Amino acid sequence: MTIISHKPFHIGIAGAGLLGRLIALNCLQRGFHVTLFDQDAKDGEEAAGLTAAGMLAPFAELETAESSILISGKRSIQLWPSLLKLLSIEEAFKQKGSLVTAHHADQADLTHFVTQLRSKVDLAGQIKTLNRSDIEQLEPELTAFSSGYFFPNEGHINGHVFMETCRQFLANHPNVTWHALTTVSEVAEGTIKTVNQKYPFDHVFDSRGAGAKDGIKGLRGVRGEVFWLDAPAVNLSRPIRLMHPRYRIYIVPRPNHRYVIGASEIESEDRSGMSVRSSLELLSAAYSVHPGFGEARIVKMLTNCRPALENNLPKVEQSTRKTVINGLYRHGYLLAPAIVEEALTIFD
Ligand SMILES: Cc1cc2nc3c(=O)[nH]c(=O)nc-3n(C[C@H](O)[C@H](O)[C@H](O)COP(=O)(O)OP(=O)(O)OC[C@H]3O[C@@H](n4cnc5c(N)ncnc54)[C@H](O)[C@@H]3O)c2cc1C
C-alpha cells in the first residue's frame, strides 16, 4: 500500500540502534537525507543490537515463536549479505547451519523441541537428525553427544561488527546528521521532539526499542545476559544450542576463537550486571558442551533488554508521515532487514 504520494527526501529516525541503523542504510540507498537521534553516545553500548548473539535461526526459534517469523527470517537471511557488502564486511555473515543437541539425561527435552517445530511447519521436515558420527563430522570437537539435529539453512551474524561498521559509515556519510546524547521525548506525524526542540521531517521513524515505552502500549523489556569468551582450545564453526530442562544455552562462534555464550531470558527490565546464578548456569553449560571452555578467558559480560510486546511479535504501524517499528524481542537480527524492506515500500 502506498500511503504517501510525494517522495519524501528528509527522514528523521528516533533511535539509532539495530533498526535505526538499518532504516538509515536503506533510506540512503534511496537517495534520502537522514537525521538520527539517540540518547546514547555514537559509540555507546546502550542498544540491544550490541548485546545480541546474532543468531539467524528462523527454524530453531519456532519452538517459542509464531510461524510468521519464518517468512521474514528467511527473507532477512537473503538480505544480510547485500547489506554487509555495502559496508564491506561480507565476512560478518555466515550460513553454515546450526546444531541442536542435549546431554544423554536430557533427551526428552531435545525430542520435545523438535516435535514442537515439526508441528508448526512442514518445512521443519528439512531438519536433519544426527547420530554421534554425524555430529562429529560437522563439529569434530563435539564428542560428548550421541544425538542432535541440524538446521542446514540457518546462519549467524557478527552483530557487533555490523553495528560498529555501520556507525562509522553513517557518521561519515554526507547525507547523515546524527544527534547523539539526545533524548527523544515524542515522535509525532512528520516531527521528532527532543526536550529542547521540535524537528520537522518529510517522514519519521520511531525505532527506540525498549526506550519507546511512553508511546507504545504493552511494550516491555526482557532481560538477557551473555558472555564473550576467548577460548583458544575450542574450535566450533557454527552456532550450537544445548537443550536442558532448566537452562538452555547457545554458543555462537566469532573469529579468533571468541564465542558468545547466551542467553538468559528473564521477565525484568533490570539492566544491572550479570547475576551469579546466570553466570553459573551459562558457564557450566558451556563447559559441559566443550571442556576447552574451562580455560577460556572472560572478555565481557553484557546485560540488556529485548524490546517485546504482549505477543512477543514485531509491530509495524504506519501513517502518512510516521512509521513505528518495535517489538523485535529476541529476533532483531533475524527479522529487521525484512521488516525494514517491507516498511520502506511506502516510498515506492
Ligand atoms: C541478550 C540478547 C541476545 C540477543 N540475541 C539475538 C540473536 O541471537 N538474534 C537476534 O536476531 N536477535 C537477538 N537479540 C534481539 C535484538 O538485539 C533486538 O531485537 C534488537 O536489538 C532490537 O532492535 P531495536 O533497534 O528495536 O532496539 P535497540 O537495538 O535496543 O536500539 C534502540 C535504540 O534507541 C535508543 N533510544 C531508546 N530510547 C530513546 C529515546 N527516548 N531517545 C533517543 N534514543 C533512544 C537506544 O539508545 C538504542 O540505541 C538479542 C537481544 C539480547 C538482549
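## A right-handed crossing to start with

Helix α1 and helix α7 make a right-handed crossing, right-handed being the case where the near helix is turned clockwise from the far one by less than a right angle, and left-handed the anticlockwise case. Helix α7 covers residues 332-343, and the two pack at an angle of about 35° with their axes 10 Å apart. Axes here are lines fitted to C-alpha atoms, for helices over the stretch in contact, and angles run from 0 to 180 degrees between N-to-C directions. Helices are DSSP runs of H or I with at least four residues, strands are runs of E with at least two, and both are numbered from the N terminus.

On the α1 side, the contact is made by Leu 18, Leu 19, Leu 22, Ile 23 and Asn 26, and on the α7 side by Gly 332, Ala 336, Pro 337 and Val 340. Two residues are in contact if their C-beta atoms, placed from the backbone, lie within 7 Å. By class, this α1 and α7 contact holds seven nonpolar, two polar and no charged residues. Nonpolar covers Ala, Val, Leu, Ile, Met, Phe, Trp, Tyr, Cys and Pro; charged covers Asp, Glu, Lys and Arg; the others, Gly among them, count as polar.

## About the model

Please keep in mind that this is a predicted model, in which local features need pLDDT of at least 70, side-chain atom pairs count only at pLDDT 80 or more, and totals for chains, interfaces and linings use all residues. Residues are numbered from 1 along each chain as its sequence is written.

## The chain as a whole

The chain has seven helices and 20 strands. Its radius of gyration is 20 Å, close to the 20 Å that the globule rule gives for 348 residues, so the chain is as compact as a globular protein of that length. That radius is taken over C-alpha atoms, and the rule is 2.2 Å times the number of residues to the power 0.38. Along the principal axes, the C-alpha atoms fill a box of roughly 60 × 40 × 40 Å.

Of the 348 residues, 45% count as buried. Buried means that 20 or more other C-beta atoms lie within 10 Å of a residue's own, exposed means 12 or fewer, and partly exposed lies in between, with C-beta atoms placed from the backbone. Among contacts with a separation of 6 or more, 73% come from residues 24 or more positions apart.

## Helix α1 meets α5

Helix α1 (residues 18-29) also packs against helix α5 (residues 159-171): their axes come within 11 Å and cross at roughly 45°. That angle makes α1 oblique to α5, where under 35 degrees would be roughly parallel, over 145 roughly antiparallel, 65 to 115 roughly perpendicular, and the rest is oblique. The crossing of α1 and α5 is left-handed.

Arg 21, Ala 24 and Leu 25 of α1 make this contact with Met 163, Cys 166 and Leu 170 of α5. Sorted by class, the residues of the contact are five nonpolar, no polar and one charged.

## Helix α2 across α7, and Ser 76

Helix α2 (residues 68-86) and α7 have axes that come within 7 Å and cross at roughly 85°; the two are therefore roughly perpendicular to each other. From α2, the contact includes Ile 69, Ser 72, Ser 76 and Trp 80, and from α7 it includes Leu 334, Pro 337 and Glu 341.

Ser 76, found in helix α2, is worth a visit. With 27 C-beta neighbours inside 10 Å, Ser 76 counts as buried. Leaving aside neighbours within four places in sequence, Ser 76 is in contact with Leu 56, Leu 334, Leu 335, Ala 336, Pro 337 and Ala 338.

## Gly 155 in strand β8

Gly 155 lies in strand β8 (residues 155-157) and is buried, with 25 other C-beta atoms within 10 Å. Not counting residues up to four places away in sequence, Gly 155 touches Leu 56, Ile 77, Phe 93, Lys 94 and Gln 95. Its C-alpha atom is 9.1 Å from that of Pro 58, 97 residues away along the chain.

Two residues sit in the loop between β16 and β17: Asn 256 and His 257. Asn 256 has a positive phi near 60° without being a glycine, and with 7 C-beta neighbours inside 10 Å it counts as exposed. His 257, also not a glycine, has a positive phi of about 60°; with 16 C-beta neighbours inside 10 Å, His 257 counts as partly exposed.

The peptide bond from Gly 262 to Ala 263 is cis, with omega near -20°. Ala 263 is placed in the loop between β17 (258-262) and α6 (276-289).
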